[in-house]
Amino acid sequence: MFGTLAAAALLSLAIARAASQQSPASSAAPAKVPAPSANASLVSSMQPTGLNVVVLDPAHGGTDPGARGTEGISESNEVLQFAWATKRALEAQGFQVLLTREGNDNPSFDDRSARANAQRGGVFITLHIASTGLSSTARVYVDPDSPAPPNTIGLIRWDRAQVPFLSLSRKLGDLVQQELAKRFKGSPNTLQTAPVRQLRTTAAPAIAVEISSVSVQNRAELENMAPGVAEAIARGVAAFRPLYVVPSNSAPGGSAQP
Amino acid sequence: MNPPQWRYWFAGALLVAVIIAALSFPGLRRQVNKAREITEKTAEQARRELLTPVLVNTGDPKVKVKMFWGSRSQQGTLDAVIAELPLSSDPVLRSKQVLNTLLAGPVDAELRTLPPDAALLAFYILPDGTGVADFSDELRTSIPSGIQSEQLAVESIVRTLETDVPQVLRLKILIHGQEADTLAGHLDLTQTFRVSARDLTGTKLDNPSPPASVLPAPIRKAVDTVRGVTKR
């Protein structure tokens with residue numbers, strides 16, 4: 001039973017990777033990757049590779065508006081604008097950028113993670129706007145430490161997919177947080193940890209960026225942050241590029257990096 | 001031959017009835033929805049009245065406890081507030097008492113970390129030291145959405161239990177008797193939260209507690225049993 005499941009997961013991941021290599025994904029119309037079930041597994045034995053792709057995840061959408069402000073601001077709409085600005089800034093740095101949603105739809109957590117998990121040499125950044133927090137500040141979150149999953153024939157569980165990448169996620173998060181702190185006074189200088197659901201199933205260096213907030217008095221105050229946030233993320237990811245090596249299956253926590 | 005005049009009157013009356021029905025339909029629908037909300041609230045209230053224990057027994061000795069609410073000086077962090085409460089020595093009752101006090105909130109409402117209308121429906125401690133706290137839906141629906149606010153909410157519960165009820169080693173949060181994927185769209189509630197840095201034998205732990213999904217089978221069974229109890 002487990003063997004069949006693992007083989008199916010291995011096959012689907014291999015097909016998804018092969019497809020993404022044969023036709024470099026167009027950022028305008030990315031193909032949808034089917035999300036495996038919560039019990040599916042991932043292959044963790046990957047060859048060292050460089051950073052090529054950034055998967056941006058504008059959170060919420062569809063029937064889930066996310067945080068809502070007094071000015072009629074909804075997180076799901078605003079965060080999409082931040083994602084487009086960030087995409088342009090990253091493309092200017094030479095990255096290929098994929099969005100988990102481009103309109104007002106709401107892919108599941110697993111669908112969003114699957115988008116990143118099907119890439120080779122990718123990082124994942126989920127964008128949020130809080131309903132609280134000091135106005136015009138931004139924080140970076142990574143998953144907290146977790147025990148390494150048992151290494152079973154080179155496979156790791158789908159719901160523990162982030163564990164082997166935690167060390168890389170922290171490096172990426174530190175670099176992006178430093179850039180954000182330079183631009184937005186009052187933002188912390190160091191990243192924070194929180195068990196963000198979206199990060200747990202992502203088999204790539206993954207961070208959550210949360211901006212404060214939808215509760216601003218004037219919508220322009222929030223929207224004016226978009227270029228600065230985009231530039232900070234792009235510079236952080238660019239600085240991370242030389243540090244990025246996909247961990248091998250025997251090195252959970254990213255200890256296979258140089 | 002012309003149709004009898006009563007037919008015109010009948011058709012006219014029918015038309016007027018249709019127009020009145022069309023005009024009053026949205027109002028009727030609002031009333032039905034309102035009635036449904038009242039019924040749901042009443043059911044929730046009845047559940048709370050059945051399950052909520054006596055908050056404080058004045059016969060219990062008064063002890064100093066620390067409650068963790070939002071910090072006045074630094075936004076996004078918690079501060080400990082010392083309070084003197086009559087607390088039970090039984091860890092389950094004690095947990096209910098401190099969590100109900102936490103839910104009641106600080107004097108300054110802006111510093112509260114949990115929604116004012118949220119309620120603790122049940123609290124259990126499993127043999128492995130995992131505390132299972134079952135909150136009403138309002139914990140999820142009324143909390144300000146965001147990673148920071150959800151993290152503060154859970155952290156305030158965890159740190160209050162850590163300080164005031166040493167028997168609770170880990171915390172599992174349920175919403176209305178069910179495991180929830182997230183608190184309000186961000187924070188992962190499928191895992192257990194580490195409350196104490198020590199295990200049942202008092203040994204200091206190096207690694208964080210495993211998520212609920214990798215808990216040993218007997219403990220998973222116990223969690224499922226508790227869920228079954230709270231569902232009824």
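Residues are numbered from 1 along each chain as its sequence is written, and chains are lettered from A and ligands numbered from 1 in the order in which they are written. In this predicted model, local features need pLDDT of at least 70, side-chain atom pairs count only at pLDDT 80 or more, and totals for chains, interfaces and linings use all residues, while side-chain values use heavy atoms, with hydrogens and water left out.

**View 1**
Chain A contains seven helices and eight strands. Helices (H or I, at least four residues) and strands (E, at least two) are DSSP runs, numbered from the N terminus. Of its 258 residues, 56% are buried; here buried means under 20% relative accessible area, exposed over 50%, and partly exposed in between (1.4 Å probe, protein chains only). Among contacts in chain A with a separation of 6 or more, 83% come from residues 24 or more positions apart, a contact being heavy atoms within 4.5 Å. The chain exposes about 10,100 Å², with carbon and sulfur atoms supplying 54% of it; accessible areas come from the Shrake-Rupley method with a 1.4 Å probe, and for residues, only the protein chains shown count as cover.

**View 1. Helix 2 of chain A and its packing partners.**
Helix 2 covers residues 75–92 of chain A, and its 18 residues reach 26 Å from the first C-alpha to the last, close to the 26 Å expected. That expected span is 1.5 Å times one less than the number of residues. Its buried residues include Val79(A), Leu80(A), Phe82(A) and Leu90(A), along with Glu75(A) and Lys87(A). The buried residues of this helix pack against strands 2, 3, 4 and 8 and against helices 6 and 7 of chain A. Just after the helix, look for Gly94(A), which takes a positive phi of about 95°.

**View 2. Helix 4 of chain A, another helix with buried residues.**
Helix 4 runs over residues 166–183 of chain A, and its end C-alpha atoms are 26 Å apart, which agrees with the 26 Å that its 18 residues should span. Among its buried residues are Leu166(A), Leu172(A), Val176(A) and Leu180(A), as well as Gln177(A) and Glu179(A). The buried residues of helix 4 pack against strand 4, strand 5 (137–142), strand 8 and helix 7 of chain A.

A cis peptide bond, with omega about -5°, joins Ser212(A) and Ser213(A). Ser213(A) sits in the loop between strand 8 and helix 6. His60(A) has a positive phi near 60° although it is not a glycine; this residue is in the loop between strand 2 and helix 2, and it is buried, at 5% relative accessible area. Ser136(A), also not a glycine, has a positive phi near 60°. Ser136(A) belongs to the loop between strand 4 and strand 5 and is partly exposed, at 22%.

**View 3. An aromatic pair in chain A.**
The structure holds one aromatic pair over all chains. The rings of Phe240(A) and Tyr244(A) have centres 5.6 Å apart and planes at 45°, so the pair is tilted. Rings of Phe, Tyr and Trp (its six-membered ring) pair if their centres lie within 6.5 Å; planes under 30 degrees apart count as stacked, over 60 as edge-to-face and the rest as tilted. Phe240(A) is buried at 0% relative accessibility, and Tyr244(A) is buried at 4%.

In one of them, Glu210(A) meets Arg139(A), with the closest N and O atoms 2.9 Å apart. The pair links distant parts of the chain, 71 residues apart: Glu210(A) in strand 8 and Arg139(A) in strand 5. Glu210(A) is buried at 0% relative accessibility, and Arg139(A) is buried at 3%.

**View 4. A salt bridge from chain A to chain B.**
Arg197(A) and Asp181(B) form a salt bridge, their closest N and O atoms 3.4 Å apart. Arg197(A) lies in helix 5 of chain A and Asp181(B) in the loop between strand 6 and strand 7 of chain B, so the pair joins two chains. Arg197(A) is buried at 5% relative accessibility, whereas Asp181(B) is partly exposed at 37%.

How values were computed. A salt bridge is a side-chain nitrogen of Lys or Arg within 4 Å of a carboxyl oxygen of Asp or Glu.
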